[in-house]
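Hello,

Here is the structure you asked for. My notes follow below it.

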Amino acid sequence: MKALILVGGYGTRLRPLTLSVPKPLVDFCNKPILLHQVEALVKAGVDHVVLAVSYMSELLEREMRVQEERLGIRISLSHETEPLGTAGPLALARELLNVDNEPFFVLNSDVICDFPFRDMLQFHRNHGREGTIVVTRVEEPSKYGVVVFEADSGKIHRFVEKPQVFVSNKINAGMYIFNPSMLSRIELRPTSIEKEIFPVMAEQGHLYSMELQGFWMDIGQPKDFLTGMCMYLQSVRQHAPDRLRTGPGFLGNVLVDPTAQIGENCTIGPNVSIGAGVVVEDGVRIKRCTVMKGARVRSHSWLESCIVGWSSSVGQWVRMENVTVLGEDVIVNDELYLNGANVLPHKSINESVPEPRIIM
Amino acid sequence: MLKAVILIGGPQKGTRFRPLSFEVPKPLFPVAGVPMLQHHIEACAKVPNMKEILLIGFYQPNEELTRFLVNAQQEFKIPIRYLQEYSALGTGGGLYHFRDQIVSGSPEAFFVLNADVCSAFPLVEMLSFQKEHGEENSFVILGTTSNRKQSMNYGCIVENEKTNEVLHYVEKPSTFVSDIINCGIYLFNPDIFQHIGSVFQKNQQDMLLEEPTNGWHRAEAIRLEQDIFTALAGQGKLYVYKTHSFSWSQIKSAGSAIYASRLYLNQYHTTHPERLASNKEGGPTIRGNVYIHPTANIDPTAMLGPNVSIGTGVTIGAGVRVRESIILHGATLQDHCCVLNSIVGWDSTIGKWARVEGTPSDPNPNDPYAKIDSETLFREGKLTPSITILGCNVTIPSEVIILNSIVLPHKDLNRSFKNQIIL
């Protein structure tokens with residue numbers, strides 16, 4: 001089976017992290033975002049993944065060769081040289097997707113959840129129509145595209161984009177299954193799948209929705225990245241608790257790479273992920289943070305709701321909070337206070353940032 | 001023989017020192033580990049022929065003041081008496097009111113010092129200077145150089161550069177007059193009372209002519225600066241002895257107490273090297289000038305300084321960082337907390353990993369003549385970032401941040417605060 005992952009472009013909402021690596025390769029709980037998705041697809045029987053990208057990255061290409069080998073599948077890159085919207089990339093990859101008569105998956109690269117790919121396939125075969133959209137329930141639907149459907153069958157009536165009044169609390173979760181025949185609906189030009197393709201399919205009774213069980217998050221920006229991390233770690237606790245680190249000094253759900261070192265008298269967690277080769281010195285308190293590979297957090301510091309980028313160094317007696325994001329190789333000097341600071345790569349911070357701002 | 005008079009003010013004065021002045025009269029607030037007044041008394045007691053120190057102010061006699069005086073007399077072996085004004089008489093009025101006490105014993109000269117200044121107290125030098133300049137009974141003001149902009153916050157002195165005579169004196173002018181400012185330390189002799197007396201007479205006459213007004217315009221209320229110095233300038237009687245700028249500061253607000261501590265701690269290298277802590281085996285890491293009272297209990301993994309004073313019975317836990325701060329008696333700083341640019345009140349507690357931080361209001365380090373600002377508390381409707389002050393018996397919970405805030409005594413906080421006064 002095949003899958004198309006809509007990777008898109010520069011991932012600007014996840015800067016400064018995406019200034020160093022393309023978004024699919026940003027580590028989420030110690031594994032590149034893309035790999036969470038690809039591994040789940042492979043488990044569901046996918047043997048060919050197509051990445052729809054609008055900017056070509058050598059780094060991404062190289063990493064995909066490695067994963068091809070490792071997973072024993074084929075990974076292609078479909079490069080749109082001009083913007084094609086949300087549907088156009090499917091048309092661009094038509095040759096790759098239309099090979100046999102099997103349905104193919106399409107997913108948004110920012111989505112994290114308990115990927116239900118086998119259930120999707122089952123559900124899709126059962127209704128026998130052209131398309132299935134996964135929907136999920138959210139608290140604030142007006143930020144998203146809302147789906148209105150028949151409760152028992154899942155047959156979709158219509159879509160409402162960012163509704164001002166309450167219509168439904170089920171939104172498009174960014175995961176689909178289509179029959180190759182639907183590709184003929186899409187021309188090779190900038191096309192919006194939500195505005196131009198789906199409404200027609202729904203009208204013709206060819207679009208069904210499957211409700212997602214469990215957590216869901218769009219981790220395309222730092223605040224949501226951290227929220228998604230909390231949800232994912234909770235899911236790990238339910239399905240594979242041995243992966244989490246427990247014991248004195250560890251609270252709640254904490255994921256620590258085996259090559260990381262944690263000092264004495266630290267209190268780590270809840271909701272922390274610590275990457276490979278990270279060094280956390282004595283007396284450190286970390287809550288609700290992601291610490292990327294190779295970073296160092298020096299003694300007596302206090303971190304809450306932060307992302308510490310690869311190889312960064314946080315000094316002694318530093319306090320960081322409120323979605324402070326350090327890009328790659330950032331140095332934060334001793335005794336500083338960072339509140340909501342967004343720090344670009346290779347920067348050295350010598351002054352406190354008491355109110356949220358961007359440090360270039 | 002010589003005497004010294006220290007003007008210590010009273011509770012209505014020094015409101016900028018709240019909330020610290022709720023617990024202790026401002027002149028007794030510890031600066032660089034010892035009460036503010038003690039620096040003055042030590043300096044006076046060292047002057048040869050100093051026979052008596054008089055304190056003039058309008059504090060009601062209280063336990064702390066009395067106890068301080070008793071201890072000081074014993075330690076410095078010199079009579080020290082407190083003369084209480086019956087009401088606020090101004091910087092000159094108190095002197096005049098107690099003139100008999102001051103001149104009893106016929107001192108040749110006497111120093112007058114304001115309690116709320118921090119200085120190297122070059123008293124012996126002022127004495128030699130007085131003998132070499134002007135008439136036999138001339139008076140001397142200690143002066144220092146300020147920068148143009150800040151000079152207008154002080155008493156400004158225009159001097160004859162050759163003779164050092166004070167030609168003109170204006171207190172807090174609204175336009176630039178001179179960058180030489182009054183340090184609040186004077187050398188007088190009994191002749192001064194003639195001059196104060198004539199101002200007193202004049203005030204009484206004026207009062208008879210005018211409608212009765214409230215408090216400040218009593219005849220007995222005389223301000224040395226506006227009423228006496230201004231009149232004496234240019235008459236060949238008043239001279240200025242200039243001292244180095246970096247060894248003098250006013251102590252008006254709590255923030256300036258930290259700056260004054262820094263000056264005194266620095267002076268300890270020459271005056272009291274035994275008061276400075278050093279790096280020892282099994283002791284905390286010391287950076288720069290730090291005072292630690294012998295009864296304080298400090299974990300060896302803590303790092304203190306520069307410019308830190310630790311009071312009696314203070315407990316400092318593992319991995320604590322204190323910098324540019326004053327920690328008052330009985331306070332407890334728990335593991336890994338960080339205290340920067342703050343004053344932590346008596347018996348307060350700071351929880352683990354908490355951060356207590358203020359903003360220094362130090363003078364511009366690039367300007368050798370800049371002085372500490374007497375900042376207003378609010379500017380454009382917002383609290384001006386300044387030193388964080390915790391009053392006595394305040395509890396700060398773990399892991400919070402208290403930034404640029406003032407916390408009144410006996411308060412138990414339960415969350416972070418920034419840029420606020422917490423009642």
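Which residues does B:I343 touch, not counting residues up to four places away in sequence? The list is B:L20, B:F29, B:A254, B:A257, B:I258, B:I326, B:L328, B:I387, B:T388, B:I389 and B:L390. Contact here means heavy atoms within 4.5 Å.

Ground rules before the rest. This is a predicted model: local features need pLDDT of at least 70, side-chain atom pairs count only at pLDDT 80 or more, and totals for chains, interfaces and linings use all residues. Residues are numbered from 1 along each chain as its sequence is written, chains are lettered from A and ligands numbered from 1 in the order in which they are written, and side-chain values use heavy atoms, with hydrogens and water left out.

**Cores**

B:I343 and B:F29 have the most contacts inside the largest nonpolar core, which has 73 residues. A nonpolar core is a set of buried Ala, Val, Leu, Ile, Met, Phe, Trp, Tyr and Cys residues joined through side-chain atoms within 4.5 Å. Buried means under 20% relative accessible area (1.4 Å probe, protein chains only). Helix α9 (residues 254–271) of chain B gives the most to this core: nine residues. Helices are DSSP runs of H or I, at least four residues; strands are runs of E, at least two; both are numbered from the N terminus. A second, separate core has 60 residues, including A:L14 and A:F105.

**Interface**

18 residues of chain B contact 20 residues of chain A. The two chains bury about 1400 Å² between them, 48% of it on carbon and sulfur atoms. That is the accessible area (1.4 Å probe) lost on putting the two parts together, summed over both. In chain B, B:W353, B:R355 and B:E399 lose the most area to chain A, together 43% of what that side buries.

There are four salt bridges between the chains (a side-chain nitrogen of Lys or Arg within 4 Å of a carboxyl oxygen of Asp or Glu). B:R321 forms one with A:E335, with the closest N and O atoms 2.4 Å apart. On chain B, β20 (321–323), β23 (338–340), β26 (355–357) and β31 (401–403) each supply at least two residues of the side that touches chain A.

**B:S119**

B:S119 sits in strand β7 (residues 117–119) of chain B. Is B:S119 buried or exposed? B:S119 is buried, because its relative accessible area is 2%. Its side chain reaches the backbone nitrogen of B:F121 at 2.9 Å. Leaving aside neighbours within four places in sequence, B:S119 is in contact with residues including B:L142, B:W248 and B:Y264.

Best wishes

Note on methods. Buried means under 20% relative accessible area, exposed over 50%, partly exposed in between (1.4 Å probe, protein chains only). A polar contact is a pair of N or O atoms within 3.5 Å; within protein, one must be able to donate a hydrogen and the other to accept it, and residues adjacent in sequence count only if both atoms are side-chain atoms.
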